[in-house]
Amino acid sequence: MIWAIARREVLESLTTGRSALLFVIAVLLLGTGLYVMDRDYDTRRENYDLIRPSQDQSVAVAPPNPLSVFARGLDDAMGRSFEISVINVEIGGSQASANPLFGLFPTPDWLYLFRVVFALIAFLFGFDLICSEKERGTLKLMVANGASRGEIAAGKWLGGWLAFFVPVAIAAALWLILLRPLFGLALSGDDWARLAVFLGLGSIYLAVCYTIAVALSALFHRASTALVATLFAWVLLVFVIPSSSVLVARQLAHVQPLGLVSAERWRIFGSEMMKAFEASNADPSSSPFEAAWGEMHRQGDMVSERVAGELGALARTSAALVRLSPAGAFDVVSTGVLGTSVAHEAQLKLEVRRYKNAILPDLFSYRMRDIEPTYPAFTPRRMSLADTLAAAGADIGAIVLAGAIAITTLFVAISRYDIR
Amino acid sequence: MLEAIDLTKRYEDGLLALDHLNLKVEAGETFCLLGANGAGKTTTINLFLDFIPPTDGAAHINGFEVACDPLAAKKHVAYVSENVMLYGNFTARQNLDFFARLSGRQDLSRDDYYMVLRRVGLQEKAFEQRVKQFSKGMRQKLGIAIAIVKDSPAVLLDEPTSGLDPKAAAELMALLGELRDDGKAIFMSTHDLFRAKEHADRVGIMKEGRLVMLRTREELAEEDLERLYLDYMEVEAVA
């Protein structure tokens, strides 16, 4: 029974050309997104080659992440160079492409396409599944012919989902097959595993969006009303909740303004240098500057850790609020899996601090002896996929919970639906 | 076959749409239910099909109480609505195939469907035509074809001749006559007094949710149904 209803739904999508149109749209969107993001990645890769430090430079810079092609996230910020001196760590050049339009418009990566565009299409595929049957008068005929309300809901859900998901999945698979031959993007085994997890999560997220729309279609008796409710839900879940969550979190979590942080660092610098000069003047044979630099870095690290803690609290508060929307949770978990999240950026900054502390003695030593320095290469570690997924439990749970609520709503609504 | 026992429906707004209806339609019998709009005809059909739950009493189909075991009860009844609305992008055969599958008939071939479509008088060229191009008469015939394919012992029809031209209505009634002759119990609500008198084995008149008159074909042969109907519409409910 369920399969008969699902089969009809699929046939209708094929007959009307809806699935074929979606396939063409998906091929175009995913391909265009991949092309644009791959070009951007190439530019960042070239810029990285330009700013990559030689052995005599005390500079930490991470290469661009190839997975940023799929979810750019904070990869720009993570691609900045950190120039380490005896005084402090200066943020230097960036690998980011110089295209200012990226700042004006959303980045057309796959994460954006899944989170916003395909989510909208999923909503549009589901919004009238039940109420259009009532409007058409076929719901009565289905029930009269022995289909239970649960079977109708399940069959319609399954058929509509197949009609939506299969064209998108085929289009995505097509571009992934062409990734190497067409774009020359080489991914490691770990990268492919991350990509597979991202696509799996994307499928779950889209299924949740679609289910919300189907549930809405069982709450209304007219497709036009259901459409308005669906568009409202899409705007709320995809834009309003994630954006306002970040703004609300900003009000709830205290983060010291960057200007004050910078002023504090300069105060530490001034204070320690003053002490060193006084010590040097008092005893010209002494060499107090190395100790002063060491103290400056120690205090600077304390400031960095405090600021990182504040930013971490802000990120955690934002993430907790963003989870109210499956779109927000999907964004957080996807950038996490693909290595371009807030957590990865924080991890990189920690790695830079560790690297700085590791080379600091050499830095002082080379400086004092005025000899040609040789520094070890900066090789930041990436959070493992297992660790990322373990940390993303709440986000994945939020997406699944939204789906469970939608499914429950759908079945409760259809059981009470006035089919006349 | 079809039986209503003290079947009552009061809607949430307090309206008593059906008031202790008692009737029985046997196999091989056509029962026509007459009445003004809002008399309770469609409510009766909705209760037999479990579209709405009864407030009191019970509707039985082939021995199964609809409210208690709706899926088992609906296996034994087919339904043809006033406006058979099907899937416009599907052909007649595809629509028939879908509803046959819902009814549990997965064993039918294309030829089987064509045979049924021929039986209901649909033109051959319409078999593989999209239903959105069909006239109302063609859709009603397809509705009957769906009922035939289901092969259930009872058929419920809600004003099936409404809006049909006389020829299409006559063809439809002839088809229903064939189904009755096959042993099906036909229960039909209608405003068409002429066809009710001509084809029904029994006729009932409803007023304000109550069955106020019941006549057999033989009894009606001696009476003017239109006069009877108008008289009952004017007087207080008596039954």
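In strand S2 of chain B, the bridge partner of B:Arg10 is B:Leu16. Strands here are DSSP runs of E with at least two residues, helices are runs of H or I with at least four, and both are numbered from the N terminus. The model is predicted, and local features need pLDDT of at least 70, side-chain atom pairs count only at pLDDT 80 or more, and totals for chains, interfaces and linings use all residues. Residues are numbered from 1 along each chain as its sequence is written, while chains are lettered from A and ligands numbered from 1 in the order in which they are written.

The pair B:Arg10 and B:Leu16 belongs to a hairpin of S1(B) and S2(B) with five residues between the strands. Within this hairpin, B:Gly14 takes a positive phi near 95 degrees. Strand S1 (residues 2-10) and strand S2 (residues 16-25) of chain B run antiparallel and are joined by six bridges. In S4(B), B:Asp56 is the bridge partner of B:Thr8.

Two strands are taken to pair if DSSP finds at least two bridges between them. On that basis, four strands of chain B form an open sheet in the order S2-S1-S4-S5, with antiparallel pairing. S2 and strand S5 (64-65) of chain B stand at the edges and have a single partner strand each, so one side of each is left without a neighbour in the sheet. Strands of a sheet pair through backbone hydrogen bonds, either parallel or antiparallel.

Chain B as a whole contains nine helices and ten strands. The radius of gyration of chain B (taken over C-alpha atoms) is 18 Å, close to the 18 Å that the globule rule (2.2 Å times the number of residues to the power 0.38) gives for 239 residues, so chain B is as compact as a globular protein of that length. Along the principal axes, the C-alpha atoms of chain B fill a box of roughly 50 × 40 × 30 Å. Buried residues, those with 20 or more other C-beta atoms within 10 Å of their own (C-beta atoms placed from the backbone), make up 48% of the 239 residues in chain B.

Chain A contains 17 helices and three strands. The C-alpha atoms of chain A fill a box of roughly 100 × 45 × 35 Å, taken along the principal axes. Of the 420 residues in chain A, 42% are buried.

In chain A, helix H2 (residues 18-51) and helix H8 (residues 149-177) pack at an angle of about 35 degrees, with axes 8 Å apart. Axes are lines fitted to C-alpha atoms, for helices over the stretch in contact, and angles run from 0 to 180 degrees between N-to-C directions. Residues of H2(A) that meet H8(A) include A:Leu22, A:Phe23 and A:Leu34, and those on the H8(A) side include A:Phe164, A:Pro167 and A:Trp175. The residues of this contact divide into 15 nonpolar, two polar and one charged. Ala, Val, Leu, Ile, Met, Phe, Trp, Tyr, Cys and Pro count as nonpolar, Asp, Glu, Lys and Arg as charged, and the others, Gly among them, as polar.

Between the chains, 20 residues of chain A are in contact (C-beta atoms, placed from the backbone, within 7 Å) with 22 residues of chain B. Helix H1 (2-16) and helix H7 (138-144) of chain A are the elements that give two or more residues to the side of chain A that touches chain B. H7(A) provides the largest share of that side, six residues. By class, the side of chain A that touches chain B has eight nonpolar, seven polar and five charged residues.

Definitions and conventions: Contact = placed C-beta atoms within 7 Å. Buried ≥ 20, exposed ≤ 12 C-beta atoms within 10 Å, placed from the backbone.
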